[in-house]
Amino acid sequence: MSQPPIHAPVPELFVSYESAQKLKVEAGNLTSWDLTARQICDLELLMNGGFNPLKGFMSEEDYNGVVDNMRLADGALWPMPINLDVSEKFAEGIEEGQDIALRDQEGVILAILSITDKWVPNKAHEAEKVFGADDLAHPAVNYLHNTAGPVYLGGPITGIQPPVHYDFKGRRDTPNELRAYFRKMGWRKVVAFQTRNPLHRAHQELTFRAAKEAQANLLIHPVVGMTKPGDVDHFTRVRCYEAVLDKYPQSTTTMSLLNLAMRMAGPREAVWHGLIRKNHGCTHIIVGRDHAGPGKNSAGEDFYGPYDAQDLFRANQDDIGIEMVDFKHMVYVQERAQYEPNDEIEDRDNVTILNISGTELRRRLREGLEIPEWFSFPEVVAELRRTSPPRAKQGFTVFFTGLSGSGKSTIANALMVKLMEMGGRPVTLLDGDVVRKHLSSELGFSKEHRDLNIERIGYVASEITKNGGIAICAPIAPYTATRRSVREMIEAFGAFVEIHVATSLEECESRDRKGLYKLAREGKIKEFTGISDPYEAPTNAELVVDTKDVDVDHCAHQVILKLESMGLIKG
Ligand code: PPS
């Protein structure tokens, strides 16, 4: 197979500096689209040649070819649709033949799109063909249906400026910058290692072996754009990669960050990664087991077979234009104190083979357990521990829900004092009444207003949780869907402990501590929860308490025991 001339530049879509200055002023008058985070990633790689041969967002003809056969209209191999998805409302005001300005999230104009095509895609068909199933458990299918706009725009791009990055500037390279680096270093063969995870000893070992086998230099090329939801954030990962970089023999290896928005499309993604790496001047790419795998489908099965990505890559290797190096599954052989490819261990009955899965690693981090030196480098483990402290040191939210007068606030207050007595983390109480005074004073009790109130509480609690504090919330929060959305918001940063204070309506009404039930019965307070407004009782709360025959202290103690059992506080 003929190798591409890795040092020749790839075409970019930028105009000259002078033209860009002029265009920027002119584009100020155009209709403009505010790019989403994913579109910014796509646009950056379109403009800098990372998505060569694409010259802009795909036309309908290119899109159809790509979806159905992985081919652009001119026959070139391309596995992934790259479209500008917009809202119906925006699309209504747009005509084919029109130029629009594409702005980043601060409003800076990055490019002009000359629209040639506007159409409504068949998303179910796209999901089936590109991702293998129209199943929302696939993160890209979920994005397609629930985040991406319903109308696609296509057409060539005129690049004005690349998106601005404030982090790790020195580690980001365009395809042509990397090509120039390889030329300067005299690297004629380069193996790329694509990754979205921290590197441990096994990865270091396998990448080193892959480079040796291909007699090539090594490019660690991690994705820092968008990866799989729930991945270790790229800030932490890059600090980890920097620590691992020192472990390679000097000047054989370099690292560069790729602002790609991954789709987790397994086989098609592997082909796409190959084309992107070829554009970045690489001659080889490592493709592993379950490359860019999205996890399990809604039936609990893998979306793709473990070697589907390697098979599709192999079948298209000539068109991709770079060679695949198969990933070797490396395991640690205790007796020989070294990593070896799992399929090459002949005396496996006589040796101890050690391995720690990703799930096991996360458990050990969460519970503050030992992570052995044979598995990872101490610097990497220290970085991961800094970002993922054990649960007993992470922030969390305790979310009480229940009728007015059920005892939420009283238990919440007792809990706050007990947690403060223990010390270690700051505690904030977001009580229903307090929130309504300071955060939601303009809101009433319609469904819309109650939802807004709970969303605000959820947002504040998620910020507290993210920053390592304890948030205690005590609103009525009568709607299941709203409580679920708050749970999701918080679980991105730490534990969400829902406590249903299930004191019955009869009991709350007979206490009527604020005299509100009487007024509600008389119709003097409208939309009163339990009387003239609904309360949807939780079915999946972490704990249910009832204050009828149990004193507050005991209820608060039950919560403390729950928090202990979840590892959130130390007994
Ligand atoms: S919600 O539904 O979660 O937004 O309600 P919340 O913010 O917790 O506010 C509840 C407190 O407001 C008082 N109050 C009412 N509650 C329910 N329905 C109506 N219509 C209403 N009007 C005023 C009541 O004192 C609630 O306080 P708690 O602490 O729950 O008794």
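Predicted model: local features only at pLDDT ≥ 70, side-chain atom pairs only at ≥ 80, totals over all residues.
Strand β11, residues 284-287, is joined to β12 by 4 bridges, and the two strands run parallel. Within this pair, valine 287 has aspartate 326 of β12 as its bridge partner. Strands of a sheet pair through backbone hydrogen bonds, in either a parallel or an antiparallel manner.

The loop between β11 and α11 (308-320) contains aspartate 290. Phi of this aspartate is near 55°, a positive value in a residue other than glycine. Proline 53 is located in the loop between α2 and β2 (56-57). Most residues other than glycine have a negative phi, and most peptide bonds are trans.

A further open sheet, also built from 5 strands, has the order β17-β18-β16-β19-β20 with parallel pairing. Its edge strands, β17 (427-431) and β20 (543-545), each pair on one side only. The twist of this sheet averages 15° from one strand to the next. Strand β17 is connected to β18 (residues 470-474) by 5 bridges, the two strands running parallel. Threonine 428 stands opposite alanine 471 in β18. Helix α17, residues 480-491, lies across β16 (396-401) and β19 (495-501) and runs at about 150° to β19. Helix α20, residues 552-565, lies across β16, β19 and β20, and its direction is at about 170° to β20.

The ligand is surrounded by 21 residues, of which the closest are Ser404, Gly432, Arg450, Pro475 and Ile476. Helices α15 (432-438) and α16 (447-466) each supply at least two residues of this shell. By class, the shell comprises 9 nonpolar, 6 polar and 6 charged residues.

At the level of the whole protein, the division is into domain 1 (17-159), domain 2 (169-258 + 264-331) and domain 3 (391-565). The centres of domain 1 and domain 2, taken over C-alpha atoms, are separated by 25 Å. Contacts between these two domains involve 20 residues of domain 1 and 24 residues of domain 2. On the domain 1 side, α2 (37-47), α5 (123-131) and α6 (139-146) each supply at least two residues. Helix α2 provides the largest share of that side, 3 residues. The side of domain 1 that touches domain 2 has 12 nonpolar, 6 polar and 2 charged residues.

An unreviewed UniProt entry places the feature "domain: ATP-sulfurylase PUA-like" at residues 8-161. This span is 35% helix and 20% strand, and its end C-alpha atoms lie 22 Å apart. The UniProt annotation "domain: Sulphate adenylyltransferase catalytic", likewise from an unreviewed entry, covers residues 172-386. Over residues 172-386, the chain is 38% helix and 15% strand, with the end C-alpha atoms 24 Å apart.

Definitions and conventions
Residues numbered from 1 in each chain as written. Near = placed C-beta within 6 Å. Nonpolar A, V, L, I, M, F, W, Y, C, P; charged D, E, K, R; others polar. Domains from an automatic or database assignment. Contact = placed C-beta atoms within 7 Å. Pairing = 2+ DSSP bridges. UniProt positions renumbered as here; feature names shortened; annotations may be inferred. Axes fitted to C-alpha atoms, helices over the stretch in contact; angles between N-to-C directions.
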